[in-house]
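Here is a friendly walk through one structure, question by question. Have a look at the model, then read on.

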Amino acid sequence: MTNQTLAVASDYAIWGSMIALAVALVAFSVHLAVTGASKERSERVDAERRELVTVGASSDRSVAGATATSAAGDASSPTAAASRRWGVIGLQLTWLATLGVVSGTVLRGLSVSRPPLGNMYEFALMASSFALVIFSVWSLRRSRLWLGAFIVLPVLVILGTAKLGWYTEASQLMPALKNVWLVIHVTIATLSVGLFTIGFSLATAYLLKDRSEKRGAVKGWLAALPAATTLERLTYSVHIFAFPLWTFAVISGSIWAEQAWGRYWGWDPKETWTFVIWVVYAAYLHARATTGWTTRKATWVAIAGFVCVILNFTAVNLLMTGLHSYSGVAT
């Protein structure tokens, strides 16, 4: 029995959250742009001061120039405050959207009296919820305003695609899905995808910043990001957590397959691609720990892993027929 009132409330919560995320994306983007410009100006002022010291200027003109540059540095303080204000607005809107997405996901489950794990639309809601909750909790402990745009954008794309392309009416599960391993396997899988999304965001930020640093000209919004080495370390740390979870998702899926179909593994298209994802991320962690690989090359392997996640979630579900076909748009 479906409670249509709760189902509609869930839809409204998700739409409202998407609006909040869109505005948050704008706020985070402004924060990056203003912060980057402020840092560029500050670095230019510092360079001018170092040049004066090197030349050993002592004339009145030089003193005046030093005073002017000092004033320019002081003038950047209001800019920095404005930049942070935009970032905080984006973060607060993201917290609000996180509450909305989680509430919408819970309401979706309550509307059908089951975990919201029965189809692609619900998988997208769960993965988005995990990604937003992880980022929100992380941002409470450390300032991560620079990361906001990189998290909000992919989550917004996932939610938009889920709403416009994968949406299905709230309904009951088919018999094959009524198993406790559904909750265990799919919950861990969506948690892993949430972490992989954050890892992908950090990896993208690292590759962009690293390229700029190697060119010797970090300009624009890229100047607002931490050093490339910091971004790469964060990328690796997130994947260190995500990979064991995905491994457990593969194992729990095999146990569920044995109970449902009488075999642990059958190279079904979904099973095959799940294993491909595991292999690619294992290759990334191995490459990251191997001296023969640069961190940049290893990070590209992590990017390839996320591409495999997207293909597994879209093309495999929608275009390939197998025992997991019920995980597509319709249940």
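Q: Why is Ser212 called buried?
A: Buried means under 20% relative accessible area, exposed over 50%, and partly exposed in between, using a 1.4 Å probe and protein chains only. Ser212 has a relative accessible area of 9%, so Ser212 counts as buried. This residue is found in helix H5.

Q: Before going on, what kind of model is this?
A: This is a predicted model, where local features need pLDDT of at least 70, side-chain atom pairs count only at pLDDT 80 or more, and totals for chains, interfaces and linings use all residues. Residues are numbered from 1 along each chain as its sequence is written, and side-chain values use heavy atoms, with hydrogens and water left out.

Q: What makes something a contact, and which residues does Ser212 have contact with?
A: Contact means heavy atoms within 4.5 Å. Leaving aside neighbours within four places in sequence, Ser212 meets that rule with Ala217, Val218 and Leu222.

Q: What makes a stretch a helix, and how many helices are there?
A: Helices are DSSP runs of H or I with at least four residues, strands are E runs of at least two, and both are numbered from the N terminus. By that rule the protein chain has 9 helices and 0 strands. Reading from the N terminus, the order is α-α-α-α-α-α-α-α-α.

Q: How do you know that Thr94 is buried?
A: Thr94 has 0% relative accessibility, so Thr94 falls on the buried side of the cut-off. You'll find Thr94 in helix H2.

Q: Which residues does Val112 touch?
A: Setting aside residues up to four places away in sequence, Val112 touches Met1, Thr2, Ala170, Ser171 and Gln172. There is also Gln4, 108 residues apart from Val112 along the chain, with the two C-alpha atoms separated by 8.9 Å.

Q: Why are Phe243 and Ile188 called buried?
A: Phe243 has a relative accessible area of 14%, so the buried label applies. Ile188 is at 18% relative accessibility, so Ile188 counts as buried too. Phe243 is in helix H6, and Ile188 is in helix H5.

Q: Which residues do these two touch?
A: Leaving out residues up to four places away in sequence, Phe243 touches Phe196, Trp278, Tyr281, Ala282 and Leu285. Phe243 and Leu285 are 42 residues apart in sequence but 8.8 Å apart in space, C-alpha to C-alpha. With neighbours within four places set aside, Ile188 is in contact with Leu245, Phe248 and Ala249.

Q: What makes a set of residues a nonpolar core?
A: A nonpolar core is a set of buried Ala, Val, Leu, Ile, Met, Phe, Trp, Tyr and Cys residues joined through side-chain atoms within 4.5 Å. The largest one here has 79 residues, and Leu21, Trp146, Leu147, Leu159, Leu202 and Leu225 touch the most other members. H5 gives the most to this core, with 14 residues. Leu147 has Phe135, Trp138 and Leu202 among the residues it touches, not counting those up to four places away in sequence.

Q: How much of the protein chain is buried?
A: Buried residues make up 47% of the 331 residues.
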